[in-house]
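Here are some exercises to work through with the model open beside you. Try each task before reading its solution.

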Amino acid sequence: MIRQFELVERVKAYDPSADEDALNRAYVFAMKVHGSQIRLSGDPYFSHPLEVAGILTEYKVDVASIITALLHDTIEDTETTLEDITRLFGKGVAQLVDGVTKLTRIEFQSDQAKQAENFRKFILAMSEDIRVLLVKLADRLHNMRTLHFIEKPEKRRRIAVETMDIYAPLAERIGMQGMKNELEDLAFGELNPDARKSILNRLDFLREKGGDLVPRIIAELEKTLSDNGIQASIRGREKTPFSVWEKMQEKDLGFEQLSDIMAFRVIVDSVEDCYRALGIAHGAYPVVPGRFKDYLSTPKPNGYQSLHTGVFGPERQRIELQIRTADMHDVAEHGVAAHWNYKQNGVSKTAPQYRWLRELLDILEHAEEPEEFLEHTKLEMFKDQVFCFTPRGDLINLPRGATPVDFAYAVHSEVGDRCVGAKINGRMMPLRSELRNGDQVEIITSKAQTPSPTWENFAVTGKARARVRRYVRLLERDEYTKLGRAILERAFQEEGHEYSDMALGDVLAVFHYQTAEDLCAEVGAGHHTGRDVVEAVYPGTRKRKKDSKVVALGKARTRLGKEQGSGSDQTGVSIKGLIPGMAMHFADCCHPLPGDRIVGIVTTGKGVTIHTIDCETLGEFVDASERWLDVSWNVGNEDNTAHVGRIHLTVLNVPGSLGDLSSVIANNEGNISNLKITNRSPQFFEMLIDIEVRDVKHLTGVMAALRADPAINSVERARG
Ligand code: MN
């Protein structure tokens with residue numbers, strides 16, 4: 001732990017006029033109020049604010065910032081109040097501590113309510129005085145250095161993600177390159193430890209393979225420059241594992257193709273020397289095309305200045321050179337902190353080149369609308385996001401293009417599942433509306449509502465899409481299972497067996513399913529017929545059925561022979577007008593039922609096919625009148641056996657509709673013998689259903705009952 005006098009000495013070293021007394025009082029006060037609190041590392045809690053202060057001395061920040069660092073957790077974690085701090089350390093320090101405390105309370109990645117006002121304060125706190133951000137960044141850096149002491153992996157991960165997403169970009173934004181690199185690399189180690197380790201191994205290998213290559217290159221570069229009258233101090237710079245990783249991702253390059261793993265900083269005395277050194281390097285070594293950048297005449301937005309170039313340097317090594325003055329180097333490493341001007345006895349709150357901060361302040365002073373505020377103040381890192389608010393003012397942050405459905409799911413899964421509508425800024429708007437920055441969104445929910453499949457067409461967040469998809473899949477499966485089970489029950493019954501899920505036990509493997517539900521669902525979806533399953537459970541069923549058909553036809557023939565002019569199938573239905581001895585079957589396209597007006601079509605070798613008079617297939621025979629046979633049902637024939645009628649049905653694609661469908665049919669004594677979904681849209685199912693009924697009157701009754709069901713959009717007989 002840094003001792004009291006050490007901390008004071010460190011500050012005095014760069015700021016001889018520092019208020020020693022205030023530093024000492026802050027040290028003692030923080031130590032006292034944190035008392036016996038312990039960090040997860042087992043260290044006394046006070047070691048944390050002390051380390052944060054220590055980190056900040058490396059950036060040579062002013063005494064107020066160091067004191068703020070020492071006190072930064074006292075309001076959050078001890079009995080200390082802001083008034084105490086004002087009384088003991090003055091208003092300036094109190095404001096800084098207050099600012100840091102507010103930043104600390106904002107957890108960007110957490111599911112906890114994020115207050116709009118707090119977000120505003122976040123921007124305000126850090127833009128009013130950039131030192132708030134400096135302390136917060138140092139705080140985060142120390143927390144990242146000690147991240148491994150946190151036991152819960154989810155918590156470590158959340159902090160690492162937040163560091164990567166929010167704090168590292170902020171550090172870069174204010175030019176603190178060293179801070180940014182370390183934050184990123186620590187977060188990288190948490191988020192992708194394997195990748196980091198393999199890059200480290202590779203860097204080690206290259207370093208060993210190179211031997212004293214780096215010192216040799218430095219020596220030769222220095223000599224080349226000094227031979228031409230430039231005094232330069234050159235340092236080798238190795239990239240952090242994360243920056244190597246980032247380059248590999250960004251450029252989709254392999255490790256070996258990264259030319260700038262070896263980079264050298266050339267620090268010279270003046271701007272002129274920068275350009276002269278560049279000229280000398282370009283004269284002495286072949287230039288790597290496309291690598292030259294002049295950040296000297298055009299600094300980066302964060303104030304960074306340097307000349308960059310790539311050359312095939314000493315020993316034919318491909319290297320990157322960054323040429324700059326000592327002042328520029330200071331800015332590059334320390335960013336905003338390099339601009340403190342102690343000699344003038346004051347602190348420039350925002351260094352003049354941080355235009356984005358000044359603009360931020362400007363807008364904060366003038367913005368009236370929350371939307372305008374957010375639209376203009378959003379940092380570059382937030383460019384792919386929109387910030388919206390709940391009526392209570394909680395901040396919900398979403399990707400661009402997000403809709404009220406995404407918003408609802410971001411609030412809570414339940415809210416998403418039950419959302420029926422949305423008010424955006426007080427007006428009812430469609431759920432597919434795109435949200436804009438600053439929108440206040442009120443989600444209207446209903447207990448009766450369930451996720452709609454159509455939401456998947458416009459929801460953009462993974463969470464919303466996954467929930468909707470999962471729900472729809474579950475629902476469909478449930479429907480299919482019910483339907484499938486009903487089909488199987490009847491199919492089993494027909495063959496004189498009792499259906500139970502247990503009965504399927506032995507044949508599940510044959511169909512490659514795990515459970516009876518799976519098989520039922522597949523039957524319901526029309527992938528297997530009930531008969532397929534019965535056949536599998538009771539082998540031989542189908543064969544017997546076929547046999548009986550042949551027998552029946554034989555019988556029919558015999559009967560037809562005796563009773564001229566009428567025909568009958570195995571069920572005893574007789575048809576008038578058939579030629580004696582002629583085979584007869586009902587057409588699959590229209591499934592004629594007793595009571596339908598029918599016609600027979602003579603097909604060579606196959607006998608007579610009976611169609612309904614309005615079957616579309618008959619169109620094929622208009623030019624073959626000789627094949628038409630005038631037939632009709634033999635009225636008065638009592639017939640209680642089943643015939644198959646086929647209907648075409650359009651059902652709303654809503655929860656429960658398929659279940660309704662099967663119960664309506666069952667309640668009307670019909671039995672689904674086969675079902676085929678012919679078309680599926682988010683709104684509708686279209687399907688063909690074969691229903692076993694007694695006659696056309698029975699089918700008409702079933703169809704009428706179906707039409708009465710609100711979920712069923714249209715019902716008609718299939719006509720070929
Ligand atoms: Mn802290």
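**Before you start**

This is a predicted model, where local features need pLDDT of at least 70, side-chain atom pairs count only at pLDDT 80 or more, and totals for chains, interfaces and linings use all residues. Residues are numbered from 1 along each chain as its sequence is written, and side-chain values use heavy atoms, with hydrogens and water left out.

**Exercise 1. Describe the protein chain as a whole.**

Solution. 
- Step 1: Count the elements. The protein chain has 26 helices and 21 strands; these are DSSP runs numbered from the N terminus, with helices being H or I of at least four residues and strands E of at least two.
- Step 2: Look at burial. Of the 720 residues, 48% are buried (under 20% relative accessible area; exposed is over 50%, partly exposed in between, with a 1.4 Å probe and protein chains only).
- Step 3: Look at contacts (heavy atoms within 4.5 Å). Taking those between residues at least 6 apart in sequence, 64% join residues at least 24 apart.
- Step 4: Take the surface. The accessible area is about 35,200 Å², and 49% of that belongs to carbon and sulfur atoms (Shrake-Rupley method, 1.4 Å probe; for residues, only the protein chains shown count as cover).

**Exercise 2. Which residues of helix α15 are buried, and what covers them?**

Solution. 
- Step 1: In α15 (residues 326–334), the buried residues are M328, H329, V331, A332 and H334.
- Step 2: Their cover includes the helices α3 (47–58), α10 (177–191) and α14 (271–284). It also includes the strands β1 (233–238), β2 (262–268) and β5 (318–325).

**Exercise 3. Trace the open sheet of four strands.**

Solution. 
- Step 1: The strand order is β13-β15-β14-β16, with mixed pairing (two strands pair if DSSP finds at least two bridges between them).
- Step 2: β13 (584–586) and β16 (628–629) are the edge strands, each pairing on one side only.
- Step 3: β14 (residues 598–603) and β16 run antiparallel and are joined by two bridges. I601 stands opposite W628 in β16.

**Exercise 4. Examine how α25 and α26 pack.**

Solution. 
- Step 1: α25 (residues 657–667) and α26 (residues 696–707) pack at about 145°, with axes 9 Å apart (axes are lines fitted to C-alpha atoms, for helices over the stretch in contact, and angles run from 0 to 180 degrees between N-to-C directions).
- Step 2: L661, V664 and I665 in α25 meet V702, A705 and L706 in α26.
- Step 3: H698 is buried at 9% relative accessible area. Leaving aside neighbours within four places in sequence, H698 contacts N668, E669, G670 and V693.
- Step 4: Move on to A708, in the loop between α26 and β21 (712–717). A708 counts as exposed at 63%. A708 and V664 are 44 residues apart in sequence and 9.6 Å apart in space, C-alpha to C-alpha.
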